[in-house]
Amino acid sequence: MNLTDIRFPHLGILFSNLGSGIKIGSFEIKFYGMIIACGFLLGLFLAMQEAKRTGQNPELYMDYLICMILPAIIGARLYYVIFSWDYYKEDLTRIFMIRQGGLAIFGGVIAGVIVLMLFSKYRKQSFFKMTDTIVMSLLVGQIMGRWGNFFNREAFGGFTDNLFAMQIPVDYFENVGRIAEIQATGLLNHTVDVTLNGTTVSCIQVHPTFLYESLWNIGVLLFILLYRKHKKFDGELFAIYLIGYGIGRFWIEGLRVDQLTIGHTGLAVSQILSGVLAVLAAATVIYVRKKKKQNN
């Protein structure tokens, strides 16, 4: 087993010589960035198709995407930096080293929603109708984006020996200068020795939480696809997204070893935010549906 391999022992799957990007000369294009770019494009296609289905102008969503891309990336970075401030305050130039990783999906979603509020008001469109139109695009982007975490060997959980257990060589983290990060998680106390082709390598064996979230989001996406023709009010699909994604993220975030926490409280900010949003969204759906029923 080589240091760039990733193995799922109980599934019998081995990804050999898996890099984090492709090199053009001395410049490396990260798979993470390529995946995010593809996610934006596929998301735009889906939003435009949904706009056609619901009698809206598809070009509206291309305009929104152009306005949203940069703020979403900035928002994702700011969210990560704010809740990792102990690391960045030692050297503020690290804030701008985005190629080294450090984007939080929640930050991008929050920025995207703020831009949509301003955009819909400026273009005199229904904010909630637009959220329902782009919600499937958002999920597709999140489903794809998590596979960027796979290539980066990040966003995984603690030690596990379950069916989906994932093994990554310790030497990989040593080679890319991330060994201190792994030591801080305590995962080096639960390494396993893997022998393949006569070579024995020490590996961490972890929950592939990126995979859990990707699969969970596929389930949420399928539910929304089946339900969308039966929605009772504008904004309901977005509320369902917040409920479904929130529940899944609350559970999965609890498995991760790289949580962003609130100061030194140990409380995972994304886990708390997921739970709060899921509860508020569920309460909103119940309230609006009950009100509509009374009016009828």
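**Figure 1. Antiparallel pairing of strands β6 and β7 in the predicted model.** In this predicted model, strand β6 (residues 192–196) pairs with β7 in the antiparallel sense over five bridges. Val-192 stands opposite Cys-203 of β7. The two strands form a hairpin, with two residues between β6 and β7. Asn-197, located in the turn, has a positive phi of about 55°.

**Figure 2. Pairing of strand β5 with strand β7.** Strand β7 (residues 199–206) is also joined to strand β5 (residues 166–169), by four bridges. The strands β5 and β7 run antiparallel. Gln-167 has Gln-205 in β7 as its bridge partner.

Figure 3. Aromatic pairs number 22 in the structure. For Trp-147 and Phe-150, the ring centres are 5.4 Å apart and the planes meet at 70°, so the pair is edge-to-face; the cut-off for this class is an angle over 60 degrees. Both residues belong to helix α5 (residues 127–152), where they are three residues apart, about one turn of the helix. Trp-147 counts as partly exposed because its relative accessibility is 33%. Phe-150, at 4% relative accessibility, counts as buried.

**Figure 4. The aromatic cluster that includes Trp-147 and Phe-150.** Ring pairs link Phe-8, Phe-15, Phe-31, Trp-147, Phe-150, Phe-151 and Phe-210 into a cluster. Phe-15, one of the members of this cluster, is found in strand β2 (residues 13–15). The relative accessible area of Phe-15 is 32%, and this residue is therefore partly exposed.

**Figure 5. A nonpolar surface patch containing Phe-15.** Phe-15 also belongs to a nonpolar patch on the surface, together with Leu-11, Ile-13, Leu-163 and Phe-164. The accessible area of these residues together is about 390 Å².

**Figure 6. Arginine side chains over tyrosine rings.** The ring of Tyr-87 has the charged end of Arg-94 over it, at 4.2 Å from the ring centre.

**Figure 7. The salt bridge between Asp-63 and Arg-123.** Side chains of opposite charge can pair when their charged atoms come close. A search of the whole structure finds 14 salt bridges. In the one formed by Asp-63 and Arg-123, the closest N and O atoms are 3.1 Å apart. Asp-63 lies in helix α2 (residues 59–82), whereas Arg-123 lies in the loop between α4 (105–122) and α5, so the pair ties together parts that are 60 residues apart in sequence. Asp-63 counts as partly exposed at 28% relative accessibility. Arg-123 is likewise partly exposed, with a relative accessible area of 31%.

**Figure 8. The salt bridge between Lys-30 and Glu-28.** Lys-30 forms a salt bridge with Glu-28, and the closest N and O atoms of this pair are 3.5 Å apart. Lys-30 has a relative accessible area of 25% and is therefore partly exposed. Glu-28, by contrast, has a relative accessible area of 17% and is therefore buried; the cut-off for a buried residue is under 20%.

Figure 9. Arg-249 and Glu-253 form a salt bridge in which the closest N and O atoms are 2.8 Å apart. Both lie in helix α9 (residues 236–253), with a separation of four residues, about one turn of the helix. Arg-249 counts as buried at 5% relative accessibility, and Glu-253 counts as buried at 2%. Salt bridges link Arg-249 and Glu-253 in a network with Arg-146, Glu-213, Arg-256 and Asp-258.

**Figure 10. The approach of Ile-218 and Ile-143.** Ile-218 has its place in helix α8 (residues 209–227). The C-alpha atoms of Ile-218 and Ile-143 are separated by 6.9 Å, while the two residues are 75 residues apart along the chain. Ile-218 has a relative accessible area of 34% and is therefore partly exposed.

How values were computed. Residues are numbered from 1 along each chain as its sequence is written. This is a predicted model: local features need pLDDT of at least 70, side-chain atom pairs count only at pLDDT 80 or more; totals for chains, interfaces and linings use all residues. Side-chain values use heavy atoms; hydrogens and water are left out. Rings of Phe, Tyr and Trp (its six-membered ring) pair if their centres lie within 6.5 Å; planes under 30 degrees apart count as stacked, over 60 as edge-to-face and the rest as tilted. Buried means under 20% relative accessible area, exposed over 50%, partly exposed in between (1.4 Å probe, protein chains only). A charge sits over a ring if NZ of Lys or CZ of Arg is within 6 Å of the ring centre and within 35 degrees of the ring normal. Patches are made of residues with over 30% relative accessible area and no salt bridge: like charges are joined within 9 Å, nonpolar side chains (Val, Leu, Ile, Met, Phe, Trp, Tyr) within 5 Å. Accessible areas come from the Shrake-Rupley method with a 1.4 Å probe; for residues, only the protein chains shown count as cover. A salt bridge is a side-chain nitrogen of Lys or Arg within 4 Å of a carboxyl oxygen of Asp or Glu. Two strands pair if DSSP finds at least two bridges between them.
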